[in-house]
Amino acid sequence: MISTIINKMQKENLTPDDVLKDLLLGNQRFIENQTLDRDIKGQKIASTSKQYPKAIVLSCVDSRVPIETITDQGIGDIFVARVAGNIENEDILGSMEYACKVAGSKLVLVLGHEKCGAVSAACDDVKLGNLSSLLKKIKPAIEATTKISGKRDSSNASFVEKVVRKNIQLTIDRIREKSYILKDLEDIGVIKIVGGIYSLRSGKINLI
Ligand SMILES: [Zn+2]
């Protein structure tokens, strides 16, 4: 049973590719129902005064995509930023900069998912209170999704899946564009910024 958390030296010895591989191996354990045996109480105690998270994941709020569970990570392992439609904003960029520049995380993973309600709502141009301005941030992905057959709304599952993919790609582009800190860290190889799509059906994270 694992009762410790990742320590500073273990984290510093990891490359961005090691961290990515670690998350994908965790995802494979999740798929196979072979997640690691963790002493949650022990990890809670071990992490009270320190943390050395190896990655930050930006994901949707969807209840079917619990990040630590689907990547088989414990307490202290990863930062997770969640917002409907996994889009970046100034606060999330600040959180990512803290994770990578201050806390030494090696990987930024932007993780979208199949059948995303936020992306579907944006495709349907839903208007609802504060949700409207959030959905507006997904609109560029809709506009950039061309060469599709059928309707350009949520009734067309293949259209929605293409927008999910495009939204991840554009979010990554904007992270690099709006954060010189993350861009510089990536350019010198200290971090990697990657995208993935989680399949609700298979439980698998596929990199894009
Ligand atoms: Zn979603």
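Where does aspartate 62 lie, relative to β1 and α4? Aspartate 62 is in the loop between β1 (55-59) and α4 (67-70), where helices (H or I, at least four residues) and strands (E, at least two) are DSSP runs numbered from the N terminus.

Before I go on, a word on the basis: this is a predicted model, in which local features need pLDDT of at least 70 and side-chain atom pairs count only at pLDDT 80 or more, while totals for chains, interfaces and linings use all residues. Residues are numbered from 1 along each chain as its sequence is written, and side-chain values use heavy atoms, with hydrogens and water left out.

To return to aspartate 62, its relative accessibility of 13% makes it buried, a term that means under 20% relative accessible area, with exposed meaning over 50% and partly exposed in between (1.4 Å probe, protein chains only). Setting aside neighbours within four places in sequence, aspartate 62 is in contact, that is, has heavy atoms within 4.5 Å, with Arg82 and His113.

The unreviewed UniProt entry lists Cys60, Asp62, His113 and Cys116 under "binding site"; such annotations may be inferred rather than shown by experiment, and the positions are given in the numbering used here, with feature names shortened. These residues span 57 residues in sequence, yet no two of their C-alpha atoms are more than 8.7 Å apart, so they gather at one spot. Cysteine 116 sits in the loop between β3 (107-113) and α6 (117-123), is buried at a relative accessible area of 1%, and, leaving aside neighbours within four places in sequence, contacts Cys60, Gly85 and Val164.

Methionine 96, not counting residues up to four places away in sequence, touches Ile56, Leu58, Val108, Ile175 and Leu182.

Finally, the helix pair: the axes of α5 (residues 90-102) and α10 (residues 180-187) come within 9 Å and cross at roughly 40°, where axes are lines fitted to C-alpha atoms, for helices over the stretch in contact, and angles run from 0 to 180 degrees between N-to-C directions. Met96, Glu97, Cys100 and Lys101 of α5 meet Ile181, Leu182 and Leu185 of α10 in this contact.
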